[in-house]
Amino acid sequence: MCKLEVLAVVLLAPGLGAANLTLRDSVEAALRSYPSIRVSEQQSQAAAAGISLARTAYLPRIDGIAQANRATRNNVTGLLLPQSAIPSISGPVLGTNNLETVWGSAVGALVSWEPFDFGARSARVAAAQAAHRRAEISVERSRFEVAVAAADAFLTMAAAQETVRAADAAVARAKALLRTTSAAVNAQLRPGADAARAEAELAAARTQLIQAQQAVEVARSSIAQYTGISPSAISLAAGRMLTDTPNAPAAGVTPNANPLAREQNAAADEAAAELKALQRTYFPRFAFQASAYARGTGAEPTGRNLGGLNGLAPNTQNYALGLSVTFPFFDFAATRAREAAQSATLGAERARHAQVTTELGARANAALAGLQGARRVAANTPTQVASARAVLSQATARYEAGLAGVVDVAEAQRLLTQAEIDDALARLGAWRALLALEAVRGDIEPFLAEASR
């Protein structure tokens, strides 16, 4: 059908001339260079690392310590509440207050392993995997949105450039009218007002041309934003896009296939996995523990100070094996509150998924209606252009014969300019409507294939 080669970019490499890029090349350039895609990719890598982090909970924990100190050895009987300011002292109470210091040393290791956890660790791993799946789909959604935006950007530039062509033709016609009226005024065949009106029409046509050129530059900067190419190096070639409309797409749109809907569904799955992980927290925790340590001291239980370097070597050993069970009895209320909050989050994500699919369905209906309307308009605009040209030809002939005023010719020129713009934009409108429809489907590959035919 239509071979769409609308984006031509001057290559920036030294020694290379201008080369036209196809629509597919332009989209691929945007996918390679646009920063938001890299942001999503890095977030996906971070989520993948989160899976590995969650799996480390299955590994045994080993804590080691070694220290040497020089301190006093006075000890008292009595309770000391848990705190972090006063270091602990072991040994008998000497009944003295001696400020002499002795060497002390310690080295040890503690191994702790949780043999079973009622599914808590697997739930945390599943939650991390759900977060990674959401991040991966987020990358797909970012790439898809960039591809759609890049395609829409060069369609906008194509429309702006066709408006420039029509406006430029309007300027040429206005100049011709001014020459005709000026000659007639100079020959005293027409009043001077005709020349003034022709000059006003020329000024209006030039204003329209300037505005169209401005729109081209704005669209050019938009393409540069997505492709990473300098705006001054971007040019456009429309090819057959201005003479052909795309084939009708296959019927049927499934909003759930759209990356936006898939990402939202993944967000709901992530919330469900987080809820399951929370539901596994209010259980006893069992841990096998093994400890081996050695200590040294420069003091004897009798109170005698050994002196010298005694105590720097940990020469008294101990080891222990055991099973510990911990259970947070009073965390019940807090756990229930967190579960309630996460349940609400899950409900919100599922409702948001329903909202997204509903909106996508509405967009699909609107895009399909727009495509059908654009195709009908594109079939009608050639008649509009032909009729406008006939009107201008007749108005010009009547003016030259003295049977019509300059206003009739000016109005006919404006009618033809608008008809030419409508005709060029009608086919571009059909392509834009097809892009919108395929964007709702969640895959613009059919659009790119149709444009590359």
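This is a predicted model: local features need pLDDT of at least 70, side-chain atom pairs count only at pLDDT 80 or more; totals for chains, interfaces and linings use all residues.

Mentor: Start with helix H4, residues 192-227: its 36 residues reach 53 Å from the first C-alpha to the last, close to the expected 52 Å (1.5 Å times one less than the number of residues). Helices here are DSSP runs of H or I with at least four residues, strands are E runs of at least two, and both are numbered from the N terminus.

Numbering runs from 1 along each chain as its sequence is written, and side-chain values use heavy atoms, without hydrogens or water.

Now the largest pocket: 38 residues line it, and Ile89, Ser90, Arg295, Gly296 and Thr297 lie nearest its centre. (A pocket is an open set of points on a 1 Å grid over the protein atoms alone where a 1.4 Å probe fits, with protein on both sides within 12 Å along at least five of seven lines; lining residues have an atom within 4 Å of a point.) Strands E3 (61-71), E4 (102-113), E6 (285-297) and E7 (316-326) each give two or more residues to that lining, and E4 has the largest share, with nine. By type, the lining splits into 17 nonpolar, 17 polar and four charged residues.

The second largest pocket is lined by residues including Asn74, Leu79, Gln83, Pro87 and Ile89. Its lining has six nonpolar, six polar and no charged residues (Ala, Val, Leu, Ile, Met, Phe, Trp, Tyr, Cys and Pro are nonpolar, Asp, Glu, Lys and Arg charged, the others polar, Gly among them).
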